[in-house]
Amino acid sequence: MAFETINVEIDDSVALITLNRPEALNALNSQLLTELSKALAEADQNDKVRCIVVTGSEKAFAAGADIKEMSEKSFVEMYLSDYFGTETDQITKTRKPIIAAVSGYALGGGCELAMMCDFIIASDTAKFGQPEINLGVIAGIGGTQRLTRAVGKAKSMDMHLTGRFMEAEEAERSGLVSRVVPAKKLKEEALSAAQKIAEKSQVSVIAAKEAVNRSFETTLAEGIQFERRLFNGLFATEDQKEGMAAFLEKREPQFRDR
Ligand code: HXC
């Protein structure tokens, strides 16, 4: 399917989705979020795709939800349309892993979108923020919840209440991003991480994603039980036999998703 606000390239089992509204620093409007959620659903369905990277431009991953689109809306319009709710639910339903490769601004909805992905690789130019407070609103697609879980109450409150930006180095130190790389190497590093994931057994990759995500939704005891069931269940796969045999035979495993 052809998209206007994003580009999708599929190469060697990795789908690279690039947000493409340069005139508005990739601000998220309804069209972009609809296209992005469709592209992710398609990638999830496409047997060739094993990992997904979402990125923006060098200057901006995304500078937030589109303020022009939102500014005149009423409460009733926002409430009845469940503004961005359907699209973001679809994004977080994606079963295959998604890496956010963030350069430049990741603000408001842009920061929230990056946090909907499974992990964030940032360039040294990345700037994260939840500046909605400056617009008379608050984060609306998960920022108060996901940022707090990522960096803790103190920094999350600071970001949401003052609207200040967090540089890449602080974001890494605080646990918001998994690694920081030079801006010029961002795409290469993200694609290489995605390629590594694509080489694993897809059964264990999806199990790992489900188990980590479960830790945000449940108690420790329930989460550990969930993990144990999945772990035990993986012994029903050929890939577990292959992975362990390959280790013992000192060779690379050949996973077949079985
Ligand atoms: C619409 C935006 C935009 C946005 C930038 N632009 N951010 N348009 N919505 N969120 C547009 C500008 O209007 C401008 O268009 C062009 O992009 C370039 O931006 P500049 O401001 O000229 O660039 P610069 O001076 O470099 O400043 C960059 C910036 C600033 C610091 C990122 O643009 C900024 O503060 N943007 C808003 C960030 C923000 O408040 N985000 C939160 C949005 S609310 P023109 O046509 O003038 O050239 C949100 C809620 C989420 O995200 C929940 C939704 C349900």
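This is a predicted model: local features need pLDDT of at least 70, side-chain atom pairs count only at pLDDT 80 or more; totals for chains, interfaces and linings use all residues.
Colleague: Which residues lie nearest the centre of the largest pocket?
Modeller: Met115, Cys117, Asp118, Asn213 and Phe216, out of 35 lining residues. A pocket here is an open set of points on a 1 Å grid over the protein atoms alone, where a 1.4 Å probe fits and protein lies on both sides within 12 Å along at least five of seven lines; lining residues have an atom within 4 Å of a point.

Colleague: OK. How much space lies in that largest pocket?
Modeller: About 1,100 Å³, counted as the space filled by probe spheres set on the points, which are joined across faces, edges and corners.

Colleague: Which element gives the most to its lining?
Modeller: H10, with 8 residues. Helix H10 spans 202–214, and helix H4 (85–92), helix H5 (109–116), strand E7 (119–123) and helix H6 (143–151) also supply at least two residues each. Helices (H or I, at least four residues) and strands (E, at least two) are DSSP runs, numbered from the N terminus.

Colleague: How does the lining of the largest pocket split by class?
Modeller: There are 19 nonpolar, 7 polar and 9 charged residues. Asp, Glu, Lys and Arg are charged, Ala, Val, Leu, Ile, Met, Phe, Trp, Tyr, Cys and Pro nonpolar, and the others, Gly among them, polar.

Colleague: Now the second largest pocket. What volume does it have?
Modeller: About 680 Å³. Its lining has 26 residues, with Ala65, Met70, Met78, Val137 and Ile138 nearest the centre. Helix H2 (67–70), helix H3 (75–81) and H5 each give two or more residues to that lining. The largest share is from H3, at 3 residues.

Colleague: Which classes is that lining made of?
Modeller: For the second largest pocket I get 16 nonpolar, 6 polar and 4 charged.

Colleague: Switching to the sheet: what order do the strands have?
Modeller: E1-E2-E3-E5-E7-E10, an open sheet of 6 strands with mixed pairing. Strand E1 (6–11) and strand E10 (179–181) are the edges, each pairing on one side only. Strands pair if DSSP finds at least two bridges between them.

Colleague: In which sense do E2 and E3 pair, parallel or antiparallel?
Modeller: Parallel, with 5 bridges between strand E2 (residues 14–19) and strand E3 (residues 51–55).

Colleague: What stands opposite threonine 18?
Modeller: Threonine 55, in E3.

How values were computed
Residues are numbered from 1 along each chain as its sequence is written. Side-chain values use heavy atoms; hydrogens and water are left out.
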